[in-house]
There are 2 protein chains.
Amino acid sequence: MPPEVGLVQEEIRRRNLGTLLRHVHLDGSLSRAALAERMGLNRSTIMALTAELTAAGLVREEPPADTGRAGRPSLVVRPESNRLYVLAFDVAVDRLVAARVALGGIMLEREEAVRPRAGADLDRVVDVLARFGRRLYHSAPPGSVCVGIGASYCGMIRPGDGVVRFGPDMGWVDQAFGPELSRRLGLGLPVPVGNEAHLGALAEQQRGAGIGLGNLIYLHGDVGVGGGIIVGGKLLDGEGGYGCELGHMVVNPYNGRPCGCGSHGCLEAEVGERALLDAAGRPAEEWGRDAIRAVVDDADRGDPAAQEALRRIGDWLGIGVANLINLFNPAMVIFGGMLRDMYPGAAAQVRARIAANVLPVARERVRLRTSALGDDATLVGAAELGFRRLLADPLGVLARTHP
Amino acid sequence: MPPEVGLVQEEIRRRNLGTLLRHVHLDGSLSRAALAERMGLNRSTIMALTAELTAAGLVREEPPADTGRAGRPSLVVRPESNRLYVLAFDVAVDRLVAARVALGGIMLEREEAVRPRAGADLDRVVDVLARFGRRLYHSAPPGSVCVGIGASYCGMIRPGDGVVRFGPDMGWVDQAFGPELSRRLGLGLPVPVGNEAHLGALAEQQRGAGIGLGNLIYLHGDVGVGGGIIVGGKLLDGEGGYGCELGHMVVNPYNGRPCGCGSHGCLEAEVGERALLDAAGRPAEEWGRDAIRAVVDDADRGDPAAQEALRRIGDWLGIGVANLINLFNPAMVIFGGMLRDMYPGAAAQVRARIAANVLPVARERVRLRTSALGDDATLVGAAELGFRRLLADPLGVLARTHP
């Protein structure tokens with residue numbers, strides 16, 4: 001059954017309010033005329049919807065910046081950024097981050113801690129994040145309203161309930177991360193959790209390199225390689241929510257490096273952190289973001305071993321990316337996380353593999369980019385996850401939320 | 001903008017009529033109660049919709065088969081299969097097929113010709129198909145109405161206009177196959193064209209092994225290997241409609257067999273027709289469906305070389321399938337075309353690769369199946385393509401169509 005069948009008037013109004021608020025939230029400011037055009041509604045309907053959102057303190061209307069033209073300028077609608085915010089959390093392989101993010105996507109304040117690479121138990125991680133969260137909550141100006149929470153995690157998440165199915169880096173299996181963080185924050189709000197690469201993909205599509213694209217692939221490098229794949233405007237989830245595992249695509253079946261998953265020759269085994277450091281001849285004691293950046297810097301300074309290491313990584317990365325382009329015919333492939341640093345030195349090999357292996361019709365139009373949001377892609381994605389409830393039913397959520 | 005915004009009453013009614021007809025078309029017969037439940041509408045609305053479709057001659061209502069229970073049985077709604085039909089065409093690597101297919105999906109009549117493997121130009125192919133089509137059209141009983149046409153083609157199709165971008169097997173580049181077939185048939189109906197593996201995937205999802213599944217992968221083997229991937233209930237098309245090219249996923253980057261695309265080690269180079277025949281030591285003069293089946297039969301009879309050949313194919317096939325499961329987390333993988341014959345002898349290797357390479361959460365629930373529609377999967381898909389217009393707007397299409 002198409003979703004629109006049997007929709008009642010009230011439901012249509014609620015969705016229209018959410019859609020209008022989403023446009024304003026993502027664009028920052030939009031004229032009523034632009035909103036009318038995007039939503040396919042007439043201007044009097046837009047005026048009525050805007051009036052409701054204004055009365056609820058979600059948006060405000062302002063004269064636009066001087067247009068230089070004569071006549072009365074049409075008002076623009078902006079998000080009420082001084083009042084409404086979400087808490088966003090990011091559990092990455094090397095750090096714990098929390099931020100207060102305003103409606104409109106403005107990062108207001110943040111707290112960050114380095115995380116040791118070795119395992120950390122649920123209790124310790126939630127402890128740090130809850131402390132950050134409470135501090136951010138209490139530092140918000142009087143009258144501010146926290147309308148949601150979202151978290152990004154570097155592992156596999158069970159859809160719907162914020163449970164970490166598998167966190168390879170921390171050794172977590174079936175840990176109730178979202179529910180536990182929600183309980184410790186004590187704000188009466190749920191904590192939806194998303195995989196970092198999934199959220200990074202959505203963030204790049206909403207606010208980054210791929211704004212508005214319906215088909216894009218985001219590769220997130222850290223210890224391994226995660227993926228977020230957007231198909232027809234939606235994140236690919238598959239039957240159980242466990243799709244997008246492009247890091248475990250086998251690219252080197254017979255001489256492959258061992259992978260953390262127990263197999264050999266997976267993309268992440270061939271292009272992950274350790275693969276690059278080994279290729280560059282770095283000792284096993286060096287690891288992490290700084291070690292990767294050191295190789296990249298050496299290559300930039302002309303060091304042949306570092307350059308060759310990036311080229312080797314680029315060849316495997318190119319095979320993986322070519323396969324993905326043949327499968328998904330995306331408009332863009334985005335390299336994020338540590339792959340953002342590694343990509344420039346590997347780009348020639350990636351492009352050569354695409355030229356050799358991708359069918360011309362899919363190759364013609366694809367663009368390759370590094371993440372526009374940089375290290376914050378996953379945190380921005382977590383914030384957007386936090387805004388989801390509000391944007392689905394702005395007035396309803398606001399009525400149920402207390403400052 | 002969500003699609004439901006601003007939908008007017010008339011549009012809702014049209015969609016409801018199409019949705020009801022689609023359910024009856026795919027299920028064969030459904031009670032009013034079942035229709036009400038599936039569509040989320042009350043029974044009086046279902047009664048009104050059914051009455052409209054009955055008056056237009058699209059469905060009829062009948063008493064159900066004896067239920068053995070007392071009381072007046074509820075009527076069932078069936079498609080009016082004796083009156084409405086589509087013409088379906090299939091241009092496969094080894095044959096040309098045409099069929100008259102009734103509403104409800106019943107194959108009424110068919111015409112088939114063996115096609116020589118060597119190139120055939122547009123003119124010759126359309127000539128044969130148009131002759132078949134006209135013969136089927138004229139043999140329909142008086143009062144029959146042809147409501148649409150659909151065609152399947154073994155190559156890349158430009159979405160929307162039925163132009164073959166690339167037909168590797170026939171050497172076609174940018175040939176206006178759909179428009180030309182439409183012109184020669186002279187029925188005043190367009191001929192939408194789909195790639196054979198895409199249509200096979202949809203057919204298996206609508207009437208075959210994967211009925212109702214929202215996430216499935218269909219692999220179609222002939223000379224090469226094509227794919228149809230259904231994500232969230234819809235065929236993956238990507239930015240230009242050229243996704244799903246799983247046959248050109250590189251699985252053997254350094255010792256790979258040459259592929260028709262110009263690259264090496266593509267999945268279709270490693271598991272296609274020639275790979276199997278070479279592995280089984282068959283001479284270059286043997287090819288096609290019969291040659292494949294001879295190897296499979298030999299393996300069934302215990303011939304070690306034939307068995308080993310299928311196992312070798314199975315290993316490469318397993319790598320490809322494992323990659324696809326990691327990427328798509330599908331509920332089912334379906335092997336069609338010649339892979340349907342090859343799969344049973346290769347299944348152990350495929351399963352072993354899945355066990356080694358797929359992450360447990362995605363591996364747990366995936367089912368592997370051979371095509372339930374067999375050699376007709378692509379033809380059934382072409383017929384469904386032909387029904388698409390009618391199911392989008394039953395009364396409108398009927399009003400514009402003359403018997």
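With neighbours within four places in sequence left aside, Phe328(A) is in contact (heavy atoms within 4.5 Å) with residues including Ile217(A), Leu236(B) and Phe328(B).

This is a predicted model: local features need pLDDT of at least 70, side-chain atom pairs count only at pLDDT 80 or more, and totals for chains, interfaces and linings use all residues. Residues are numbered from 1 along each chain as its sequence is written, chains are lettered from A and ligands numbered from 1 in the order in which they are written, and side-chain values use heavy atoms, with hydrogens and water left out.

At the interface, 53 residues of chain B are in contact with 53 residues of chain A. The two chains bury about 4600 Å² between them, 61% of it on carbon and sulfur atoms; buried area is the accessible area (1.4 Å probe) lost on putting two parts together, summed over both. By rule, 24 residue pairs are in polar contact across the interface of chain B and chain A, both residues at pLDDT 80 or more. A polar contact is a pair of N or O atoms within 3.5 Å; within protein, one must be able to donate a hydrogen and the other to accept it, and residues adjacent in sequence count only if both atoms are side-chain atoms.
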